[in-house]
Amino acid sequence: MINLKAYGYIETEAIPDGWLPGRITEIQRERFMVMTGQGEVTAVLKGSFYHHAALRAEFPCVGDFVLLHYSDAGDSLIVKVLPRRSKFSRADYAGHAAGYAKTILEQVVASNFDTVFILSSLNGDLSVNRMLRYLTQARQSGGTPVIILTKADLITDVHPMLAEVKRRISDVPVHVISSHTGMGMSELHPYLTPGQTVVFLGMSGVGKSSLLNALMEQDVMKVQAIREQDSRGRHTTTHRQLFMLPSGAMVMDTPGMRELGLFHAEEGIRASFADVEELFAQCRFTDCCHQTEPGCAVLAAINDGSLPSERWESYVSQQQENRFVQHRTCYLIDKRAKDKTNAMWNKQKKKNGGWKK
Ligand SMILES: Nc1nc2c(ncn2[C@@H]2O[C@H](COP(=O)(O)OP(=O)(O)OP(=O)(O)O)[C@@H](O)[C@H]2O)c(=O)[nH]1
Ligand SMILES: [Zn+2]
């Protein structure tokens, strides 16, 4: 018997007779691995998930708690996804049937995590703006962000960089580690207590796989020694996507996490830049664009130094990216609707042997 609480399960609703709660640890095409009180089982989705395929966001993802009809011979059946307490979604544009265009836009790639480790490499180009973007996503997700500066063994003096990060990001813990030497790793223990789930965010090559291997105390992920042009087949040692660490905490690593874009991130942006958005109310004109207008509170704050201009710039660039995603989404909905109308029109034309009567 396995205690599902060790997997972060919190019973929030009574489980009907004959149903079994479980947590999704791995997804391969149509087949799911689910950890349950009876051990890990394979499962498939109840047909109704496919009938309502438009509700893409409701498809189970790694980390989800689900209810199953348990079968000890063959696949169990996933009947319900329990409410998610946190999630990462990505905007999904890829080739789906036109009729579903309005509702396939959010694809959830990981859920029910407590902490988001935002990784940046100290020896690469350490970009605080990029960190701020990841912070917005983390805040939007419902997880608690923590910043991890990796590969400390490659730097002689980490202090200037650490000071710069802390200066610009004052409300989030920052840790300096090396997965190779073990430096700073003990600082991560408080986030890795039993039943806690962590996800990693960070650019390719910052050391996510190396950190996972170090925390697992074994090589579960293949680490890239040399960058390949072809990103396929990268992590070939395992398909597992939810790892139980020796400490009793879990780490999720899903392919989707590696290609997140900002998706409907207004709330996250608002949370990250409350100080900036508060200024807007103080502008003289309600439709102020904060560019050249007289009486603009933003320009005044930049001038007197109370709003660092780099902070204003990263706010503007996150807004732009978010708006781009939204426009693109609207554009695609529009285009799919048009394509569908055209297809119907052409069918009609054929049937009528020429132009519609
Ligand atoms: N010196 C040093 N190198 C490290 C450390 N962590 C990772 N590396 C190296 O950085 C490179 C990339 O590490 P990975 O762990 O594969 O990075 P990743 O973030 O998983 O990369 P993707 O799989 O592309 O997303 C490898 O060559 C690692 O050996 C560290 O703490 N110190
Ligand atoms: Zn203004």
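**View 1. Residues 96–104, a stretch with pLDDT under 50 in a predicted model**. Here pLDDT, the predictor's confidence in each residue from 0 to 100, stays under 50. The model still has 18 contacts beyond four places in sequence for residues 96–104. Two residues are in contact if their C-beta atoms, placed from the backbone, lie within 7 Å. Residues 226–237 also stay under 50, with 10 contacts beyond four places in sequence. Where pLDDT is low, the predicted coordinates should not be read in detail. The chain averages a pLDDT of 82, and 77% of the residues score at least 70. Confidence is lowest in helix α8 (residues 309–351), at a mean of 68. It is highest in strand β10 (residues 174–176), at 98. For the complex, the predictor gives an ipTM of 0.96 and a pTM of 0.75.

**View 2. The loop between α6 (274–280) and α7 (297–303), with Cys283**. An unreviewed UniProt entry lists Cys283, Cys288, His290 and Cys296 under "binding site". Such annotations may be inferred rather than shown by experiment, and UniProt positions follow the numbering used here, with feature names shortened. Cys288 is found in the loop between α6 and α7. Cys283 has 19 other C-beta atoms within 10 Å, so it is partly exposed. The classes are buried for 20 or more other C-beta atoms within 10 Å, exposed for 12 or fewer, and partly exposed in between. Cys288 is partly exposed because 19 other C-beta atoms lie within 10 Å. Beyond four places in sequence, the contacts of Cys288 are Cys283, Glu293 and Cys296. Those of Cys283 include His290, Gly295 and Val298.

**View 3. Helix α4 (residues 208–216) and its cover**. Helices (H or I, at least four residues) and strands (E, at least two) are DSSP runs, numbered from the N terminus. The buried residues of α4 are Lys208, Ser209, Ser210, Leu211, Leu212 and Leu215. Their cover includes strands β8 (115–121), β9 (144–150), β11 (197–201), β12 (242–244) and β13 (250–252). Glu217 follows α4 and has a positive phi, near 60°.

**View 4. Pro173, in the loop between α3 (159–168) and β10**. Pro173 has 14 C-beta neighbours inside 10 Å, so it counts as partly exposed. Beyond four places in sequence, Pro173 touches Val146 and Ile147. Val146 is 27 residues away along the chain, yet the two C-alpha atoms are separated by 5.4 Å.

**Notes.** Residues are numbered from 1 along each chain as its sequence is written, with chains lettered from A and ligands numbered from 1 in the order in which they are written. In this predicted model, local features need pLDDT of at least 70, side-chain atom pairs count only at pLDDT 80 or more, and totals for chains, interfaces and linings use all residues.
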